[in-house]
Structures are given as structure tokens and as C-alpha cells.
Amino acid sequence: MRGNERNSATASPDVPAQELLGRGAVLAMMSDLLTSQGGGALVLGGEPGIGKTSLLMAADHMASESGYRVLAVSGSETSVDTPFHGLQQLLSEALDAVDALPSAQSRALLTALGLRKDVAPQPFLVALAVLNLLAERAAEQPLLICIDDLQWVDQASAEALAFVARRLGHDPIVLLATSRTHSGERPVPAGLPRVDLTALKQEDATALLHKLRGDLPTAVKNTILQLAQGNPLALVEVGSAWTGSGSQQQSKRSDLDDGIPLTSRLERAFFGRLRDLPGLAQDLVLIAAVNSGDQLAEILAGATTLSRQSVTADDLQPAVTAGLVQLDNFRVRFRHPLVRSGILQAVGRERLFAAHRALAQLLETDTMRATWHEALALDTPDEDVAARLEANHLQAIQRGSSLTAIQMLRRAAELSPESADAGRRLLLAAEQGFGLGRADLVRRLLDAAAREDLRQLQRARMRWLEEIFEDGVPGDPIPVFELCALAERSAEAGEFSLALNLLQGAALRCWWAYTGEEARERVVSVTRSLRDSAKDPRYVAAIAVASPVREGATVREIVLEALQDVELNVDADGLLLLGQAAHAVGEQAFAAEFLDRAETRLRSQGRLGLLPHVLGMQVQVRLDLGDWRMAAQAAAEGHRLALDTGQPIWSVGTLVGDAKVAVFQGDTAEALRLADEVEAQVGPKGMNDLLACAELVRGIALLLNDRAEESYDVLQSLFDKDSPFWDDRESYGAIGFLADAAVRSGRIDEARPLLRSIQQRYEDSQAALLRINQEYAEAVLADDACAEELYQRALRRDLARWPWPRARLELAYGSWLRRRRRGTEWRAPLRAAAASFEAIGAVPWLQIAREELRAAGERMSTNTQQRITAVELTDQEMQIARLAAEGLSNRQIGELLYLSPRTVGSHLYRLFPKLGVTARSQLAEMLKQL
């Protein structure tokens with residue numbers, strides 16, 4: 001297939017139409033993609049030789065017939081993994097449209113491709129730039145993006161292209177890729193639609209062989225069919241290898257004997273052709289196999305260096321004639337990836353090393369690639385090369401590819417003569433993996449580092465990285481004390497940043513699982529000893545997460561001071577930590593301020609790796625405050641971005657957020673299912689925090705299902721220290737629902753002393769979430785003599801940022817007034833509650849409020865309710881509508897949500913009729929009513 005131009009498949013003998021036998025359904029699927037008005041993506045998986053490349057070429061031909069422009073790239077197992085090398089090849093003829101991109105995106109893309117020097121770009125800002133660049137091109141002419149052997153495209157390019165693929169559908173861009181399914185090879189990025197091809201059926205394989213070698217006797221054809229096992233490439237190659245006549249026909253390659261794995265058999269068959277070529281042609285093919293690029297000039301120069309004599313394009317012709325390579329538009333392509341892998345596996349080690357050395361010498365001005373080839377030409381330690389690889393990893397980061405930096409550091413560690421240097425380099429790689437949120441990669445790197453000779457502080461750093469992805473063991477304070485001791489030693493050595501990181505790890509153990517008060521106090525005391533670091537957000541986060549109840553007042557004072565600093569000079573990471581601290585102690589309004597600022601900065605910087613963490617916390621905070629639609633949007637976008645960033649989508653924390661969204665929206669069946677799933681996953685681990693969250697969801701769901709007795713028993717367990725569901729901080733949100741369950745089940749006398757014990761336990765805490773829930777419960781459980789005063793006291797609290805708790809108070813107070821026949825006093829609180837519930841989307845509570853109003857004789861207007869019910873926007877559509885209502889253009893919305901402007905426009909086109917509006921100017925008013 002041609003590199004960057006449309007290719008006529010019918011003109012190429014290497015795309016035999018008969019190889020597509022039995023692939024009708026896949027061809028139809030690809031045809032549908034190419035003839036649709038929008039776009040889409042499809043990955044063809046399967047074993048080598050199964051016909052994936054032929055299908056890709058067939059798609060190329062179909063695209064030609066449909067007026068598509070084709071951009072193509074092939075992955076190579078010998079790729080240097082230069083950051084975004086694949087994108088460089090793919091976009092070489094599309095970059096003239098880069099000036100049409102927003103400046104931040106164009107700078108990021110050009111820096112990633114090595115075409116300008118700038119600050120290190122965020123990978124997902126690069127990916128957004130690629131999406132919009134392709135969208136600009138597709139506006140002129142539909143695009144087909146062909147990626148052969150996606151598993152060998154450099155990881156940075158593969159992730160960017162996967163990001164693009166997941167956002168296709170509204171632009172006329174079709175992305176088709178092939179990928180092997182061999183174990184040990186790099187997996188295809190998650191979330192892409194995939195079809196795995198299997199072997200041809202017997203009748204299709206027989207028909208193909210008959211078309212290829214109808215002259216062979218039946219017995220020979222049966223032997224070939226048995227050897228090929230339905231693999232189209234094997235049928236072609238094994239059939240063509242058969243020579244002779246009559247009963248003497250036989251394979252000219254002993255490599256085709258039975259007993260050899262099919263892939264190896266094919267690789268040896270291709271290598272056999274290489275041995276028959278003239279020496280210079282062999283040198284050219286070897287250099288092409290070793291080189292990650294495909295430019296003819298570079299391959300000729302490399303072969304000249306290797307052979308020490310002048311080499312021209314004519315010397316490549318025997319390899320073209322033998323069907324090993326294709327020469328097209330000054331690019332050298334292997335006929336099939338197995339040709340390359342067969343050469344690399346069969347050529348002698350010294351010869352392979354010589355080819356790498358030749359390329360290193362040729363590329364001496366490109367230090368990154370040259371050093372990499374030097375590294376691949378070694379099988380013994382070499383500190384000089386290892387040191388240069390380590391230095392080059394900074395260039396990779398500067399280009400925006402931490403994955404490439406990790407690869408370089410791992411190879412540097414392999415070449416390190418000293419164990420201490422190897423360990424240090426592996427830890428550097430692990431820190432890059434941590435920045436990507438890749439727990440699996442970090443653990444592999446740490447396992448390797450643990451086998452090296454590490455210094456004390458290096459082992460402390462390793463322990464911190466290990467802790468980041470651990471959850472703790474309930475009742476086991478020993479790891480917490482160990483981390484605190486390491487933090488103290490790190491601080492004594494002047495490593496205050498490492499000390500704070502270790503304390504964060506210790507604090508998280510105290511948060512996820514109860515490790516005892518002594519362990520909590522130890523984290524707090526060691527953190528407070530770092531007085532010079534008191535302004536670091538990690539300081540307050542460690543204190544808040546370790547001991548959210550006892551230290552609530554201290555944390556509240558710190559975060560309030562930070563909020564009042566109009567010149568808050570904190571980066572997005574710090575804002576997230578301040579939000580985490582505020583959320584931990586129950587100051588949700590403060591948490592929302594910090595998290596919203598963190599979200600804005602992360603979006604503008606293209607830092608999607610951290611954004612799912614912010615969105616996940618926003619779900620919890622927004623639900624407590626009453627911004628439920630935004631909570632649902634945060635949950636949905638968090639799922640999408642977790643997929644983009646390679647972080648687990650169905651983590652338990654995400655399940656908890658989904659369960660809470662479901663129960664508050666009234667989907668009790670789904671909420672109970674998710675709560676059960678959370679308990680199944682973390683129950684054996686005894687993670688009190690998440691178990692408490694699941695039990696809270698279960699209690700609310702039972703209450704909404706009119707099972708108040710069961711609800712009370714479930715919610716009561718959150719306040720029992722001997723219960724596996726007890727967690728002092730997570731019980732804050734259960735206090736009000738416990739009171740509701742007590743009233744509905746007639747267990748008020750039982751609930752009152754429990755509430756008093758809760759108040760005594762938390763008497764020193766001033767956390768807003770706790771106090772609001774306590775005041776609600778006091779009023780709901782009070783006798784008539786003092787209830788009204790308690791309701792009014794609770795309503796006098798500043799609840800401007802807490803519409804959900806306020807609406808619940810108004811509902812309870814209005815109901816209390818109505819039941820006592822207090823004239824028309826009940827109308828104002830019940831009407832206010834109904835309006836708030838409608839705005840929030842609290843359907844179950846809205847129904848209760850309406851029932852109360854109807855019971856009092858109030859006639860309800862149904863117009864608003866009918867309109868709300870009729871509007872069924874997806875979370876993403878609602879998000880886009882809100883941003884458009886704020887006056888943002890399609891391009892600006894796309895930059896924030898990582899969508900192409902055309903995709904944003906398509907969403908707006910669909911949601912306008914749903915909302916009953918015809919212009920953007922009408923959106924703001926309409927959304928106020930939703």
C-alpha cells in the first residue's frame with residue numbers, strides 16, 4: 001500500500017482478490033463505513049497471514065472508488081519508538097492545514113513531531129490537534145486512515161490515533177487498522193471496535209488453492225491445505241513453493257515440513273527468498289528491516305555504510321522481483337510484516353548488530369535514533385550508551401511521550417554496568433509510568449528495580465510508588481508506621497517532597513480502610529513536623545485524608561485561607577489536593593471551588609490523565625450539594641476519559657459514583673445492583689470507606705422502595721464501630737436518611753438516642769456536611785414542642801451552595817406544617833422544595849413534594865413536568881448545551897471536551913429539536929427550566 005497516496009489495489013499483484021474469500025461480512029462492514037455520511041473506526045485482528053492486510057488494501061481500493069483521500073502508516077517491530085514517529089509518517093502531507101488549528105494545538109502538534117521547540121506538549125492536546133487537523137482535511141475531501149500492524153506503531157502515535165478513533169462518527173473520516181493477536185505483543189488501545197478474523201473455512205481455502213495452483217494433484221493440495229490450516233497467506237506461499245511434476249512434486253523448502261509452527265514456517269519461507277538474492281540486495285532488505293523509517297534514500301545510505309560500497313535503487317530490484325518488498329513513491333515497503341520478522345529472526349546476531357551500527361553511524365545528527373540503534377547493537381553493558389539513553393529520555397518527554405521515555409530508561413537499565421544505576425533508571429521509568437496512571441507498568445518496573453542495588457532513599461521512593469496503587473489492610477497499622485518512618489528519614493535527608501509523597505500514601509491507607517486511631521495520629525504528627533512545607537497542598541491533604549473527623553476544623557481553616565487568596569498560585573495538581581482535603585472533611589462547597597478550578601486548568605493544558613480523578617471526586621461533591629445533572633455528566637465523561645487515558649474504567653471508586661447517581665435519580669434497581677457489585681469487589685478486602693458508600697446507597701434505595709424497616713437497619717450499621725460498614729467520615733451523609741427511615745418505620749424513639757451518641761462523637765467537628773445532616777435529623781426526629789424551632793434554625797444556615805439539603809429541609813418542614821393544619825404556611829416551603837427538586841433532577845423527592853401539595857389541595861401545573869420528561873438529552877449533549885448557552889463557539893467547546901467542532905455541531909443539531917429551540921440564543925433560558 002502506498003504511504004500517503006491513494007493506491008489502486010487492482011493494479012497490485014500482492015492483493016489477490018481470492019485471498020478475500022470468506023471475508024464478505026467484514027468487507028460489507030468496511031463498505032458501510034466508507035459509504036456512510038459520517039465516519040467510524042474498525043480494527044481487524046487475527047493471526048499473521050490471516051488476510052488483514054489484504055482487507056486493508058481492499059478498503060483502500062473501495063475508498064478510491066468513493067472519492068476518499070488515503071493516509072496510511074505501517075507499524076514496525078523495529079521501530080525506534082521515536083515519539084510520534086507514526087504520526088509523522090501519517091500526517092506528512094496534511095500538515096499544511098496546521099495553521100487552521102488553535103495556536104495551543106498547533107504548537108503542541110508541531111513540537112510533538114519535532115518541527116519546533118516549545119514546552120513539552122500534553123499527549124492528549126496533541127491527540128486533539130490530530131483530530132482537528134484531520135477534520136479540517138476531511139471538510140475538503142473524505143479521509144481513509146489506514147494503519148497496518150497497529151501493535152507496532154509507536155505507543156504515543158497509537159494512543160493519539162485511538163483517541164481520534166473513539167471520536168469519529170460526525171466527520172467523514174474512516175479509520176481502519178490491523179493488529180495481531182499474538183501474546184506478548186503490545187495490546188491495541190481499549191475501546192476500539194474490533195473484528196478478529198479466523199482461518200478460512202475448508203471450502204473457501206480449497207477454492208483459493210484451486211485458483212492459485214489448480215495444476216497440483218489432489219493429494220498434494222490436501223497436504224498444502226493441512227499445512228496452511230486455513231491461513232490465506234500460507235496457502236499462497238506454500239502453494240507457490242511447490243515445484244516438480246506428477247508424483248515427484250514436492251516443496252523446495254524443507255522449512256515447510258510439518259511440525260514447525262505456521263508463523264515460523266512462513267517466516268522461514270520468506271527468509272529463504274532472501275538467501276537467494278545478490279549480496280547488495282540482501283544488505284538493502286536487512287537495513288530496511290532494521291530501520292524504523294521507509295525512505296529509500298535513508299535505506300540506500302544505510303546499505304552503503306553496511307556493505308562499504310555504493311548501493312543504488314537498481315540493487316533493490318531483485319528483492320522486488322522476489323516479492324519481498326515494494327518500491328513505491330521512494331518508499332520501501334515489505335510485502336507482508338512476516339517478511340520483516342522472518343529476516344530479523346533468521347539473520348545472524350553479528351549481521352543484525354552490524355546493520356544497527358550502520359544506521360547509528362548514518363543518523364549521527366539525529367541523536368535520539370542514533371543512540372537507540374547503538375543500544376540495539378549491544379548485548380553487553382555499556383555505560384556510555386546507557387547514559388546517553390537516559391539523557392535522551394528527557395527529549396522524549398519534551399516531545400510529549402512518556403512511554404518512549406520509559407522504553408529508553410528500561411533499555412538504559414539493561415545496559416547499565418552498575419546495579420545502582422540500573423535501579424535508579426528503572427525508578428525514573430516507574431515515576432513516568434505513575435504520571436500516566438499505569439499501575440500495571442509501574443508494578444513491572446518496580447519489580448525489576450527491586451532486584452537492583454538501591455540506596456535507602458531510592459527504596460523509600462520505590463515504596464511510595466508501590467503505595468500509590470495499594471489500598472491498605474483494615475486493622476493493620478504497621479505499613480502506615482513504616483511509611484511515616486520513611487517520611488521522617490527522607491525529611492532528615494532534605495527530601496521533603498518525597499516525605500510528603502510518603503505521607504500521602506500513609507494517609508490513603510487510613511482513608512480506605514480503618515487502621516486505628518494511633519496510626520492516624522502518627523500520620524498527622526509527622527506531617528505537622530514538616531512545618532516548612534505547610535503551604536504545600538500535599539501537607540493539608542495528608543492531614544485531612546488521614547484524620548478527617550478530628551482534624552476537620554484545622555483543615556477547614558487552611559482551605560478557607562487558600563480560597564480567600566485571590567492570587568492562589570497553585571497548579572492543577574495542588575488544586576486537586578486542596579479539593580481532596582476539603583471533600584475529606586466534609587466541606588463540599590469549598591471542595592467544589594477547588595475542583596472546578598482544577599478541571600478548568602487541566603482541560604486548558606490537555607492533561608487528561610488527571611482529569612478523571614477530578615471528575616470522580618466532583619461526582620461525590622456535586623451529589624452532596626445538589627448539582628446532580630453535572631454530577632451525572634462528570635461520571636459519564638470520567639468513564640470516557642478513563643478509557644482514553646488507559647486507566648481502569650470500572651474501578652470500584654467509579655462504581656460507587658455510578659451507584660450514587662443511580663439511586664438519587666430514582667433507578668433503585670441499578671443502584672442496588674451496583675452496590676452489590678462494590679461489596680463483592682471490596683468486601684474481602686475490608687475497605688471500610690467503599691463498603692460504607694455501598695451500604696449508604698443500599699439504605700437510600702430501600703427507603704425509596706418503601707422498605708423503611710430494612711432501610712433503617714442498613715443505615716444504622718454505618719454508625720456501629722463493630723460493623724464492616726462503619727466509617728466515621730462516610731457516615732456523615734447517612735444521618736439525614738437514617739432519620740427519614742426512622743420516621744417512616746415508626747422507630748423514632750430508637751433513633752433519638754442514636755442521634756445523640758452521634759452528636760457526642762462528633763461534637764468537635766464543624767464540617768458543613770455533618771452539621772447540615774445533623775440539624776436535619778434533629779428537626780425530623782424532634783417532638784412537636786421544639787420541632788419548628790429546629791427546622792427554622794436549620795433553614796437559617798447559609799445553604800445557598802447546598803440546594804439539595806435545603807430542599808429536603810423545606811420538604812420536611814412543609815410536610816410537618818401541613819400535617820398540623822397550619823393554614824397556608826406549608827405552601828411556601830413545599831413549593832420551594834418542589835421547584836428545587838425539579839431543578840436538581842431529584843425525581844423521587846419531587847414526586848413526594850407534589851403528593852404533599854396535592855394532599856393539601858394545591859392544583860399542580862403539569863406543563864413543566866411534561867416538558868422535562870420529554871427532554872431526553874444525553875449527559876454529553878447536556879454538557880454541550882450548557883457550554884453553548886454560555887456563549888462558547890463550537891471550536892471552543894471542542895477544545896474543552898476534546899471533540900472536533902463538527903462533532904459539537906452535530907450534537908447541537910440533534911439537541912435543538914429536543915429542547916424546542918431554533919437558535920443558540922434560546923438555550924440559556926431553556927436550560928434554566930431544566
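## Helix packing in a predicted model

Helix 17 and helix 18 run roughly antiparallel to each other. Their axes, for residues 383-398 and residues 402-414 respectively, come within 8 Å and cross at roughly 170°, and an angle over 145 degrees counts as roughly antiparallel. On the helix 17 side, the contact is made by Ala 386, Leu 389, Glu 390, Asn 392, His 393, Ala 396 and Ile 397. These meet Thr 404, Ala 405, Met 408, Leu 409, Arg 411 and Ala 412 of helix 18. By class, the contact has 8 nonpolar, 3 polar and 2 charged residues.

The model is predicted. The protein chain has 930 residues, of which 59% are buried, and contains 46 helices and 9 strands. Of the contacts between residues at least 6 apart in sequence, 70% join residues at least 24 apart. The accessible surface of the chain is about 37200 Å², with 49% of that belonging to carbon and sulfur atoms.

Leu 409 of helix 18 is also touched by Ala 429, a residue of helix 19 (residues 419-435). Leaving aside residues up to four places away in sequence, Ala 429 touches Ile 406 and Leu 445 as well. The C-alpha atoms of Ala 429 and Leu 441 are separated by 9.3 Å, the two residues being 12 apart along the chain.

Helix 27 (residues 572-585) has end C-alpha atoms 20 Å apart, which agrees with the 20 Å that its 14 residues should span at 1.5 Å a residue. The helix is mostly covered, with 12 of its 14 residues buried. Among the buried ones are Leu 575, Leu 576, Leu 577 and Leu 578, together with Ala 582 and His 583. The buried residues pack against helix 23 (496-512), helix 25 (537-546), helix 26 (552-564), helix 28 and helix 29 (611-625). Just after helix 27, Gly 586 takes a positive phi of about 95°.

Gln 588 lies in helix 28 (residues 588-605).

| Residue | State | Relative accessible area |
|---|---|---|
| Ala 429 | buried | 0% |
| Gln 588 | buried | 0% |

Terms used: Residues numbered from 1 in each chain as written. Predicted model: local features only at pLDDT ≥ 70, side-chain atom pairs only at ≥ 80, totals over all residues. Heavy atoms only, no water. Axes fitted to C-alpha atoms, helices over the stretch in contact; angles between N-to-C directions. Helix = DSSP H or I, 4+ residues; strand = E, 2+ residues; numbered from the N terminus. Parallel < 35°, antiparallel > 145°, perpendicular 65-115°, else oblique. Contact = heavy atoms within 4.5 Å. Nonpolar A, V, L, I, M, F, W, Y, C, P; charged D, E, K, R; others polar. Buried < 20%, exposed > 50% of the residue type's maximum accessible area, 1.4 Å probe, protein only. Areas by Shrake-Rupley, 256 points an atom, 1.4 Å probe, with all protein chains shown as cover. Expected span 1.5 Å × (residues − 1).
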